[in-house]
Amino acid sequence: MSRRIDSLRWSALLLLGVAAFAGARTSDRSQPMNVEAGGSDCSVSDTGQCILTGDVHITQGTMVIRAGRAVIHRANGDIRRVQFTGSPVQLTQELDDGSKINARAQNVDYDMATDTVVFTGDALIDQPGRGNIAGGRIAYNMRSGQVQGTGEGKGRVKMQFVPKGAQQGSR
């Protein structure tokens, strides 16, 4: 039982960082977090991994993440990196302004040391009514706000920008 509670604590800490990436609704961070998975294998030490497997489903306020697997890497008691894999990983969240963001990719890698989230494998980040970016790899640096996309193989990055006047009509 204590291993299950410990894994849920680490998962909660992990998702606070993911919520920050998504431009989260500020109130989401103070909401209870619910984590469900087919299984968990977590170290109780300050250094180690916590692995969640089997239809990982995480909700916190308006944020919903679905993945096949989540691996949380810790060092000295702090979460350093989180990797989600799935078929695909899906993230949805409402932002403070009421708009929504939907993201999906085969893999999502969040490096807390560099505040960078990298989506790979048929990645798509969509903000309905505002625009989207799709490609083989999309990297978002939370410190700088920089978003970089690259194609996959001979693929290309695809973006759509919705004119400001059209944005208001889509809400």
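The briefing below starts with the overall picture and then goes through topics.

This is a predicted model, in which local features need pLDDT of at least 70, side-chain atom pairs count only at pLDDT 80 or more, and totals for chains, interfaces and linings use all residues. Residues are numbered from 1 along each chain as its sequence is written, and side-chain values use heavy atoms, with hydrogens and water left out. The chain holds 2 helices and 10 strands, where helices (H or I, at least four residues) and strands (E, at least two) are DSSP runs numbered from the N terminus. Their order from the N terminus is α-β-β-β-β-β-β-β-β-β-β-α.

**Confidence**
- The average pLDDT (the predictor's confidence in each residue, from 0 to 100) is 80 for the chain, and 82% of the residues score at least 70.
- Residues 1–22 have a pLDDT below 50, although this stretch has 58 contacts in the model beyond near neighbours in sequence; a contact means heavy atoms within 4.5 Å.
- Where pLDDT is low, the predicted coordinates should not be read in detail.

**Chain totals**
- Of the 171 residues in the chain, 36% are buried, that is, under 20% relative accessible area, with exposed meaning over 50% and partly exposed in between (1.4 Å probe, protein chains only).
- Among contacts with a separation of 6 or more, 47% join residues 24 or more positions apart.

**Strand pairing**
- Strands count as paired if DSSP finds at least two bridges between them.
- β4 (residues 63–75) pairs with β5 (residues 78–94) in the antiparallel sense over 10 bridges, and arginine 66 stands opposite glutamine 90 in β5.
- β5 is joined in turn to β6 (residues 100–111) by 11 antiparallel bridges, with glutamine 83 partnered by aspartate 109 in β6.
- β6 and β7 run antiparallel with 8 bridges; arginine 104 has leucine 124 in β7 as its bridge partner.
- β7 and β8 are antiparallel as well, with 10 bridges, and glutamine 127 is partnered by glycine 131 in β8.

**Hairpin turns**
- The β4–β5 hairpin has 2 residues between the strands, and asparagine 76 takes a positive phi near 55°.
- Between β5 and β6 there are 5 residues, and glycine 98 in the turn has a positive phi of about 95°.
- The hairpin of β6 and β7 has 4 residues between the strands, with aspartate 115 at a positive phi near 50°.
- In the β7–β8 hairpin, 3 residues lie between the strands, and glycine 129 in the turn has a positive phi of about 85°.

- Methionine 63 lies in strand β4 and counts as buried because its relative accessibility is 0%.
- The C-alpha atoms of methionine 63 and threonine 92 are 5.7 Å apart, across 29 residues of chain.
- A disulfide (cysteine sulfur atoms within 2.5 Å) joins cysteine 42 to cysteine 50, with S to S 2.0 Å, and both cysteine 42 and cysteine 50 are buried.
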